[in-house]
Structures are given as structure tokens and as C-alpha cells.
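Here are a few notes to go with the structure you asked me to look over. Keep it open while you read, and follow the points one by one.

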Amino acid sequence: MQPSLEKLRKFFRLEHENGYNNIAIIGGLAKMLDYWEGDARADGIQEEVIQAVIQRLRSYDGLSPQSRADALRGLWKRIGETYPEAQQKPKNGTSNRRHPTNSVVEEKSEVIEQRPRPEPHPRESVPREVQRQERPQRPAPPPRSEVTPGAKASGTPAALDAKLTVLQGIGPKHAETLGKLGMQTLGDMLYYYPRRYDDYSSLKPIKDLFYGEQVTVIGTIQSVHSRPIRGGKATIIEVIISDGTAGLRLSFFNQPWLANRFKAGDAISVSGKVDQYLGRLVMNSPDWESVEVESLHTNRIVPVYSLTERITQKWLRNVMKQVVEYWAPRVVDALPESTRISAHLPTLPEALINIHFPDSQEKLTAARERLAFDEIFYLQMGVLRQKIDWKSVEARRFPVSDEWLDARLKSLPFTLTNAQQNALKDIRADLDSGKPMNRLIQGDVGSGKTVVAALAAAIVANNGAQTAIMSPTSILAEQHYRNFTGLLTGENGTLNPGEIRLLVGDTPEPEKDVIRAGLADGSIKIVIGTHAIIEEPVAFQELQLAVIDEQHRFGVEQRAALRTKGTNPHLLVMTATPIPRSLALTLYGDLDLSVIDEMPAGRMPVNTYVLRPQERERAFTLLRGQITDGKQAFIIYPLIEESDKIEARAAVDDYETLSKEVFPDLKLGLLHGRMRPQEKDDAMLKFRDRKYHILVSTTVIEVGVDVPNATVMLIEGADRFGLAQLHQLRGRVGRGSDQSYCLLIPTHEDAAENERLRAMAESNDGFVLAEKDLQQRGPGEFLGTRQSGYSSGLRMASITDVKLIERARVQAQTLFERDPYLQQPEHALLAEAFGRFWGEGKGDVS
Ligand code: ADP
Ligand code: MG
């Protein structure tokens, strides 16, 4: 297991042993992110996994011990999906995956007798048997013992919930191994999708290969030779294969055991890079796999599954074939026929068969579409349901007059953009609708979401009720506090300074008491803070508006917790994560959407350059020039301290060098995650008040920080950041009317060609970058903390496939309008599958 995962496991276990009190690491689990992120990247951990860890740990501190336990368990499971080796033990008896339809099986199909089955060959008995036969001779019998007595004839969960041990030749050992891969039941197997396919119908003949090419070829082994090299210290095995068009030499270094695995006459498929040796084409240590001759002739597209120890591709494929052939046709399709046909999709059995053993590329594509469609469809049905549930309660009305609102707008230091005005109009209507508002404001960094939220709070305060604003960090909370105070109090404001208060973890206890009292008696109208707001025993007299900033940084539980501080309060969530509209409608379909797609006037796009590490001097020159002009600059580092493993330039070390050697005449501030919140705020405030020319920082400044006088953002180790993060960081500059610059310096010169960095230089548009980001990351992570609600249900659907999403969304909408609670008899199966997909207790996904 990778050291960074090992480390994670260690701390998780410690945390478990400590009863989830978040003391496994001094300062809390989230602290480990500062260095873990870099370690994980150095270990080559997939970006989406890294992001999952970051997301969960960041909000960890704000969770209850029970939610923390759930969060860590969920996270570990998520890691196990990508790194099965990290998963120690499968959880007994519970299926890892939810799939809507897997268990709906016709009762009629249960025709096979069940008798105690001895296990003659516990090891690998299935492959041998199956291999000898044309087709699996005996389908797996359904486990009567596990069928709920009196199960409905509609095809209620039955056979597909059977344990894998009901299968021929699968004993507890194999079942355990498959369990590691997430397969506990027959249904799980149907939904265990291949990782990729080998398409033997479009293989390249060996004679057409050329040097340097990356290919898969199939050939029959002609000869196998093993000889010692380096004076007997190592061995090399040379295998010659031929496909009838030409021969190819394969060399395997230092894997002497392979000599016995290769037999002349066997067919193997090899994948790798074509190399050259003494003028001939060769492949060095290619990936290889034996090919069943039968599958070569019959299935030209062969599934390749993710494996774990103790099982082979061939074995799994054979078991799979047995299960798929018998069970897939018996799965009842819960999707209404009319929906399926109008969406041009194959039936579920057909899709399940073809996802494993496709007859053609076309069928495979259709199968993928169908399975992805289901995921989006159920997701969408769920959010629609959620929405009407929310709208079914009454909420207090907050009418305001045009005169009153105009006066507020006039008192602002700027005119709202059209997009801001539209968002405000939406909110104003929501607040006066008598139903709880559930609105998402989506706007790129710097588009001016804060003022819109402040005006919403003013409307509520004007009617005597309270607003709570929750931000992910105390720096941001403090900034909002200043903004709100500036916008809403004073000459033209409607509130007194004492009516707006800041509540963060660091607020001194006596002051907290005062704030609590003020919230309880209603004298405080607006409270702005971190999750301290929900953690403290805070009671509101009349909380009517809950605002959540940077919503992706909060967990489902935290958002729900804030809402429960009031009675059906209005909810406003804000996000700077730009996603395509149809996608937003699907993922956040439970929320109404206002998009602020316009920047305040006078903003200029940030000029972005990718520099080579040796061009750092140029960056410093530009930076100095800006500072001479009275501007300020950020310098960002990916880590805080030099780690022995990776040569990341570290904020702390470089801060020393920068302030002593490079900019001895300038004032530099330092900001990083290991500082105490008070120190962080202090550094931020000093920078804002222009006491520092340069702020040297890690990514703690990432979200929302607003210092319009800063015009340079220099990012060191830029290749270590994700696209979304880079865009967020860049959003810290270009907030005033002056030209701003973003300078990206990768760790190594060769990373200067990094695709993400190039994308940054090419576009300032958050939407464009988000699309790119989506393409690079898997579906799950994009949903951020929403995943605890449902993204684990998205395995086939790619978030990037906007067309498919739109299709599924429209279908779900249509069906929903006809029968929102799926009460019509023809939707009985669907209702059941829907329940499965959503599971129990997953109600709140705000
Ligand atoms: P974000 O949407 O990223 O939260 P902010 O609300 O922090 O953005 O706004 C970014 C900056 O733009 C702030 O300095 C804010 O005062 C300013 N701003 C907001 N709206 C306008 C506007 N209509 N005209 C000019 N400046 C604006
Ligand atoms: Mg903001």
C-alpha cells in the first residue's frame, strides 16, 4: 500500500480508538492535509481520491462523533474503490453498492432445485468446469433460504440478493475475495462493470507494427527461452509470438517464474510499447494475458475487470459469464417502457449483458448509455421529490417595498450588475412566496455573490427576523462580517453595528455568551461565522434565513444542522464552482438556481503565464514592478514544510529566503495552515490593510479572500494543484480595476507543458475550466460532499456527458410531473427500485 494511504489508515484507526474526538492529530485531522496532499501526489494517488480526502477531512472538525465515524468509513470505502489493496476487510453481509434494479427478479425464474452443495474443488473449480463446456451447465440456484417469505410477486428483492456462495464453485474463500472487490451478491456481480475491453475485432497485425507505438496484439507462442544475463545475476525470458502475419519477440527481465507460465501453442494477448533491438521490433516486459481461443472466435470484445489477489482475469470472466448469462435476462426492467422507448434505450437485461459481453461496439455504447441513464434518472427523481417535500411546508413571508430596496441599492458603493440584480429579484420573490426558499447562487469567483446575500439578510432583518451566514473558514467569516457591516450599517444602512456579530471557534468565551444571549433574545439580527454557529449551543429567537457560502466545503449534515436552528427557514447557498446548467439542474435539482454570469464592470481578465522554474527571476521582477506601483502580491506554495520525500518548495522555508534575500526591502507576511486561527486572521488583516507587500501562503487563502489591491498571484509548484483550485487561487487577484497577473511556476521544467497549466493560461472562464476539470476527474468527486447523498450511485454516468444527463433529466421530469410519488400501478417496480437507489435515511441532501 502507498505510504500516504498507510499513513491515512494509521490516523483513521487512531481516531477510531479515540472515539472520534478529533485528537488523533494535534489541531485536528484536517491538519494532516497540509502535508498529506503533497505526499499523496508524490505517491501518485489519483487526483479524485486526493480530492475526496481533502473534502471530507476539511469539514471533519465540524461533525458530530457519529458523523465523523461515518465520514471516515465512507472515505475509506471510497479509497478502497480505487485502491482495493487499501481495503482491509470487506464489511460482512452488506453490499457495497446500491443499484436500483438489481434485485428485481421474476419469481417465475426460480425454478431450480436447491440442495446442499458440497465443494469438491474449492480452488478454481469453476474455470475448469466452465472451460470444458460450451455454456455454463447449471445456472446458480436462487437461495430459497434467503428469500423473504411472502415476498411480493412484483419481483421483490430475492435471488439477486443471494450470496455469491450459491454459485457453482464459489466457496467462502472466493466469496471473500470477490467481496473485496465490492461483490457480495449476484446482483453486485451484474453491476461490477469491466474496467476496459479488449477488442479483438480491431487488432493490429504484427507485421503492421511500428517502433514506438503503444498496442495490443495477439499471437500464439512459438518458443520460450530463458537465459542468464549480467553474469548470472539476472535472467531474461524471451518469448516469440506469431499471429500468422509476422513474429514478435517479447523480453521479460528478471521474472524467472514466467518460464513455466508460457507454453508453446498458447495464445496470449500482449499490450505495451513497441521497442527496437538490433534492428528488430520487440516488446520489453509487456502486460500480457492468456487468451481463451474460444473467446477469440466468439466474443470479439472481451471484458477486462479490476482484480485483486488470488483471482485471475480468466477465472472472473468465466464466473461472470455464468452469472450474466443466466441472471441478466431475468432482471426485471423497472424503467417504464414508455420512458425507455422515448429515450431510445435498450432494456436493462440487454444492457447488463452487453456491458459485460458486448456483441459489438454499438451495443456496448448503448449498454453504457442505458446504465448511465438509470443513474441520472434516479438521481433526478430523487432531487425532484426532495424539492416538493421542501416546498410542501409554509414559510414566513418577507415583503419589501421598491422604495426600501432602492434606498438599499443606492447606499451601495457600486451598482449591481444585471446578473446580481436578477439573482436579487429571484431571492426577493422567494422570500415573499410563503414557501421556504431553496436557492443556489452560482457565480464565478469575484462575481459578487456576497452583496446579494447581504441584501437578502437586510430584507429579513427589516422584518425583524434573523439570518445566519456560515463560511468554511474564519478568515472568510471575518471578511463577510466586515463586508456586511460595511454594506448594512452606517449612514444609509438599516442596522446598527451591534446587530451584526461574528461567531467563530476562536471567539472568546465571554463574548460568545453575549452573542448567544443576543441571538436568543433576537437583538442580534445577523450572525456570521464558521461551523461554530451550529456547534455551539446556539438558539435563535427567529432564524428565518440560513446562508451557506462556498457550499461545496460543507457536508450534508452541516447544512441540515444549520437549517434546523430555525423553523422552515429560507435557505440560500452560494458556490463558485461553475458547472454547466443542465448538470446543475440535475445535481442541484432540489434547489432553484440563480447564475451570476457577469463580472462587475471594469474587471480585466487576469493575464496568466506559465514560467519555467529557471525563469523565476522574471516573475520576481514583474512582482516588484507591481509593488512599486503600490500594488500587492501573493506567493503560494503547495506545502508548509520541506518534506524529505518531495522537493516541494515550502512556504515556511521560502518565506525566510524571500524576505531575507530576494525582497529584503519589502514587508512579507506568512500564512499557513499550521498557524493558529488568530495568527492567520492577523496575517490576512495585515495584508488587507497593506501592512505587507507580499503574502506568502499555502492554499489556506484559497476561498473567497478579497483584497482588491493585490494584482499578482505567483503560484509555485503549480503542477501540484488541481484545475479548480488554480482557478480559485487566481480568483484572488483581478478583483479591482487594474490589470492583474497570475504566474504559474511548476516544480520541474517538464511540467511546464502540463495540460492544466496550459488551460489556465488559455482561459479565464470558470465554466470552460470546470468542463476541463470534469473531463480529468471522475464523476464522484465533482459532487464534493454531496457524495454522501448520492454520488456513489454514479458509476457509469460521466458527469461530462451533458447530453445524456439532459436526456435523463427531461425524462425524469416528465414522469415526475405525471406521478411524483410513483403511486400509479405501472410505476410500482420503479417505486421499489427508486427506494433501493436512495436507500433509507438519506433524506437531506441540501
Ligand atoms: P464572490 O462572488 O467571489 O464571493 P465577492 O462577493 O467577494 O465575490 O465580490 C468580489 C469583489 O467585487 C468585492 O470586492 C466586491 O465588493 C466587489 N463587487 C461586488 N459586486 C460589485 C459590483 N456590482 N460592482 C463593482 N464591484 C463589485
Ligand atoms: Mg465569496
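1. Phe252, Phe262 and Trp288 are linked into a cluster by ring pairs. Rings of Phe, Tyr and Trp (its six-membered ring) pair if their centres lie within 6.5 Å; planes under 30 degrees apart count as stacked, over 60 as edge-to-face and the rest as tilted. This is a predicted model, where local features need pLDDT of at least 70, side-chain atom pairs count only at pLDDT 80 or more, and totals for chains, interfaces and linings use all residues. Residues are numbered from 1 along each chain as its sequence is written, chains are lettered from A and ligands numbered from 1 in the order in which they are written, and side-chain values use heavy atoms, with hydrogens and water left out.

2. Searching the whole structure turns up 10 aromatic pairs. One of them is Tyr192 with Tyr305, a stacked pair at 6.1 Å centre to centre and 20° between the planes. Tyr192 sits in the loop between α7 (186-190) and β1 (196-199), and Tyr305 in the loop between β8 (301-304) and α10 (313-327), so the pair ties together parts 113 residues apart in sequence. (Helices, H or I with at least four residues, and strands, E with at least two, are DSSP runs numbered from the N terminus.) Both Tyr192 and Tyr305 are buried; that means under 20% relative accessible area, with exposed being over 50% and partly exposed in between (1.4 Å probe, protein chains only).

3. Back to Phe262 and Trp288: their ring centres are 4.6 Å apart and their planes at 50°, so this pair is tilted. Phe262 is in the loop between α8 (258-261) and β5 (267-277) while Trp288 is in strand β7 (residues 287-290), so the pair ties together parts 26 residues apart in sequence. Phe262 counts as buried at 4% relative accessibility, but Trp288 is partly exposed at 24%.

4. Now look at helix α16 (residues 449-462). Its 14 residues reach 20 Å from first C-alpha to last, close to the 20 Å expected at 1.5 Å a residue (the expected span is 1.5 Å times one less than the number of residues). How many of the residues of α16 are buried? The count is 12 of 14, so to speak mostly covered, and Val451, Leu455 and Ile459 are among them. After α16 comes Gly464, with a positive phi near 85°.

5. Last, check strand β18 (residues 668-671). Leu668 and Leu670 on one face, and Gly669 and Leu671 on the other, are all buried.
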